[in-house]
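Please read the points in order with the model on screen.

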Amino acid sequence: GSQLGHGLVYDLELGYRIRTAYPDYTVRLVGTHATYNARGGTLSNKLATLVPADDEATPGFYMPQGFTQAGVTFGFGTELIDDYTHKWRPFAEIGLLHDTRAGQNFRAQLGVAGKVFGNDHLSMYVQHETAARNGGTPLTEVGVRYRWLF
């Protein structure tokens, strides 16, 4: 129940979609800026006991570092992660980003979407980022989305 600090994350995305029968091609400029501040927060006794002995027991130990990411991505069929399609179709996106903490960063997503029983939508994907928002370490996400449309 004690406050450690506060933070703000700003995301900006500008994109252009080239519409074709299938797939649509998308080029996006993406940017993220995050700032975190541990001033004014205090650690509870329970949180302070979790800090290693050689580190200072302050809220800054738990607060993430600020960062800025900017880059460009290219994809095809990425709208299929949410949009209904009666046929099973693949989608993908690949991008290069620059991260102020980790330097060059690579992001990729690969997936497939379609109907299962008729009035539904299933999309499955794998996404990997070599220096994600979770501290500049690699992150792999596996996702499944199912919607029954009636």
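Which residues form a nonpolar patch on the surface?

1. The patch. Leu 12, Leu 14, Tyr 16, Ile 18, Tyr 25, Val 27, Leu 29, Val 72, Phe 74, Ile 94, Leu 96 and Phe 106 make up this nonpolar surface patch, and together they have about 1,100 Å² of accessible area. Patches are built from residues with over 30% relative accessible area and no salt bridge; like charges are joined within 9 Å, and nonpolar side chains (Val, Leu, Ile, Met, Phe, Trp, Tyr) within 5 Å. Accessible areas come from the Shrake-Rupley method with a 1.4 Å probe, and for residues only the protein chains shown count as cover. At least two residues of the patch come from each of E1, E2, strand E3 (67–76) and E4. E1 gives the largest share, 4 residues. Strands (E, at least two residues) and helices (H or I, at least four) are DSSP runs numbered from the N terminus.

2. Basis and confidence. This is a predicted model, in which local features need pLDDT of at least 70 and side-chain atom pairs count only at pLDDT 80 or more, while totals for chains, interfaces and linings use all residues. Residues are numbered from 1 along each chain as its sequence is written, and side-chain values use heavy atoms, with hydrogens and water left out. The predictor's confidence in each residue, pLDDT, runs from 0 to 100. The protein has an average pLDDT of 88, and 94% of the residues score at least 70. Confidence is highest in E4, at 95, and lowest in helix H1 (residues 45–50), at a mean of 82.

3. Strand pairing. Two strands pair if DSSP finds at least two bridges between them. E1 and E2 are antiparallel partners over 13 bridges, and they form a hairpin with 6 residues between them. His 6 stands opposite Asn 37 in E2, and Ile 18 has Tyr 25 in E2 as its bridge partner. E2 also pairs with E3, again in the antiparallel sense, over 10 bridges. In that pairing, Arg 28 has Thr 73 in E3 as its bridge partner.

4. Pro 23 sits in the loop between E1 and E2. The peptide bond that joins Tyr 22 and Pro 23 is cis, with omega at about -5 degrees. Most peptide bonds are trans. This bond is a detail to look at on screen.

5. Salt bridges around Arg 28. A salt bridge here is a side-chain nitrogen of Lys or Arg within 4 Å of a carboxyl oxygen of Asp or Glu. The whole structure contains 6 of these salt bridges. In one of them, Arg 28 meets Glu 13, with the closest N and O atoms 2.7 Å apart. Because Arg 28 lies in strand E2 (residues 25–37) and Glu 13 in strand E1 (residues 6–18), the pair ties together parts that are 15 residues apart in sequence. Arg 28 also forms a salt bridge with Glu 93, with 2.8 Å between the closest N and O atoms. This pair links distant parts of the chain, with Glu 93 in strand E4 (residues 89–99) and Arg 28 in strand E2, 65 residues apart.

6. Buried means under 20% relative accessible area, exposed over 50%, and partly exposed in between (1.4 Å probe, protein chains only). Both Glu 93 and Arg 28 are buried, with Arg 28 at 14% relative accessibility. Another salt bridge joins the side chains of Arg 101 and Asp 99, at 3.8 Å from N to O. Asp 99 is buried, at 0%, whereas Arg 101 is partly exposed, at 25%.

7. Leu 96, in strand E4, is exposed at 52% relative accessibility. Apart from residues up to four places away in sequence, Leu 96 touches Ala 70, Gly 71, Val 72, Asn 105 and Phe 106, where contact means heavy atoms within 4.5 Å. Gly 143, in strand E7 (residues 139–148), is buried, with a relative accessible area of 8%. Beyond its neighbours within four places in sequence, Gly 143 contacts Ser 123, Met 124 and Tyr 125. The C-alpha atoms of Gly 143 and Met 124 are 5.6 Å apart, and the two residues are 19 residues apart in sequence.
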